[in-house]
Amino acid sequence: NETEKIFIELDKEFTKTCEKDFTYAHHISTFFALCNLKEEAISWLEIAIEAGFINYPMISKKDTLLDNIRDEKRFAELVKTAELKWNNFMI
């Protein structure tokens, strides 16, 4: 019932750091998803993907913490982006 308190922890400096690291951005996305703050969760997932989090299997199915945003249109679009990057990844 106190989901808005998550914003207290996300000060400017912390947010700036998390935007640069796809692991942090992915974790923040899951925190927002768990708080049912869908727009914020999807925005942070987008940041994670843009920063290099392209683990398509994890994003599309395996990460159960994202289950409540899977029906969102923006989520489906991000999954497509991640899948494309995943399929084009070369070592």
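Analyst: An axis is a line fitted to C-alpha atoms, for a helix over the stretch in contact, and angles between N-to-C directions run from 0 to 180 degrees. The structure is a predicted model, in which local features need pLDDT of at least 70, side-chain atom pairs count only at pLDDT 80 or more, and totals for chains, interfaces and linings use all residues.

User: Why is α2 called roughly perpendicular to α3?

Analyst: Helix α2, residues 12–20, packs against α3 at an angle of about 115 degrees, and their axes are 5 Å apart. That angle makes α2 roughly perpendicular to α3, since the class runs from 65 to 115 degrees, with under 35 counted as roughly parallel, over 145 as roughly antiparallel and the rest as oblique. The helices themselves are DSSP runs (H or I, at least four residues), numbered from the N terminus.

User: Which residues of α2 and α3 meet?

Analyst: From α2 come Phe14, Thr17, Cys18 and Lys20, and from α3 come Phe22, Tyr24, Ala25 and Ile28, where contact means heavy atoms within 4.5 Å. Sorted by class, the contact of α2 with α3 has 6 nonpolar, 1 polar and 1 charged residues; Ala, Val, Leu, Ile, Met, Phe, Trp, Tyr, Cys and Pro count as nonpolar, Asp, Glu, Lys and Arg as charged, and the others, Gly among them, as polar.

User: What makes α3 and α4 roughly antiparallel?

Analyst: The axes of α3 and α4 come within 8 Å and cross at roughly 165 degrees, and the two helices are therefore roughly antiparallel to each other. Their contact is made by Phe22, Ala25, His26, Ile28, Ser29, Phe32 and Ala33 on the α3 side, and by Glu40, Ala41, Trp44, Leu45, Ile47 and Ala48 on the α4 side. By class, the contact of α3 with α4 has 10 nonpolar, 2 polar and 1 charged residues.

User: Why is α4 said to be roughly parallel to α6?

Analyst: Helix α4 (residues 38–50) and helix α6 (residues 73–87) have axes that come within 10 Å and cross at roughly 15 degrees. That angle makes α4 roughly parallel to α6. Glu39, Ile42, Ser43, Leu45, Glu46, Ile49 and Glu50 of α4 meet Arg74, Phe75, Leu78, Thr81, Ala82 and Lys85 of α6, and the residues of this contact divide into 6 nonpolar, 2 polar and 5 charged.

User: Why does Arg74 count as partly exposed?

Analyst: Arg74, which is found in helix α6, has a relative accessible area of 27% and is therefore partly exposed, the class that lies between buried (under 20%) and exposed (over 50%), with a 1.4 Å probe and protein chains only. Not counting residues up to four places away in sequence, Arg74 touches Glu39, Ile42, Ser43 and Glu46. Arg74 and Ser43 are 31 residues apart in sequence, and their C-alpha atoms are 8.9 Å apart in space.

User: Is Thr30 buried or exposed, and how do you know?

Analyst: Thr30, in helix α3, has a relative accessibility of 4% and so counts as buried. Leaving aside neighbours within four places in sequence, Thr30 is in contact with Asp63, Leu65 and Leu66.

User: What makes Leu10 buried?

Analyst: Leu10 sits in the loop between α1 (6–9) and α2, and its relative accessible area of 18% makes Leu10 buried. Beyond residues up to four places away in sequence, Leu10 touches Thr15, Ile28 and Phe32.

User: Which residues touch the most other members of the largest nonpolar core?

Analyst: Phe32, Leu45, Ile59, Ile69 and Phe75 do so, out of the 22 residues in this core. The elements that give two or more residues to the core are α3 (22–34), α4 and α6, with the largest share, 6 residues, coming from α4. A nonpolar core is a set of buried Ala, Val, Leu, Ile, Met, Phe, Trp, Tyr and Cys residues joined through side-chain atoms within 4.5 Å. Apart from neighbours within four places in sequence, Phe75 is in contact with Ile42, Leu45, Ile59, Leu66, Ile69 and Arg70.

User: What is the phi of Asn36?

Analyst: Phi of Asn36 is near 60 degrees, a positive value in a residue other than glycine. Most residues other than glycine have a negative phi. Asn36 lies in the loop between α3 and α4, and with a relative accessible area of 48% Asn36 is partly exposed.

Definitions and conventions
Residues are numbered from 1 along each chain as its sequence is written. Side-chain values use heavy atoms; hydrogens and water are left out.
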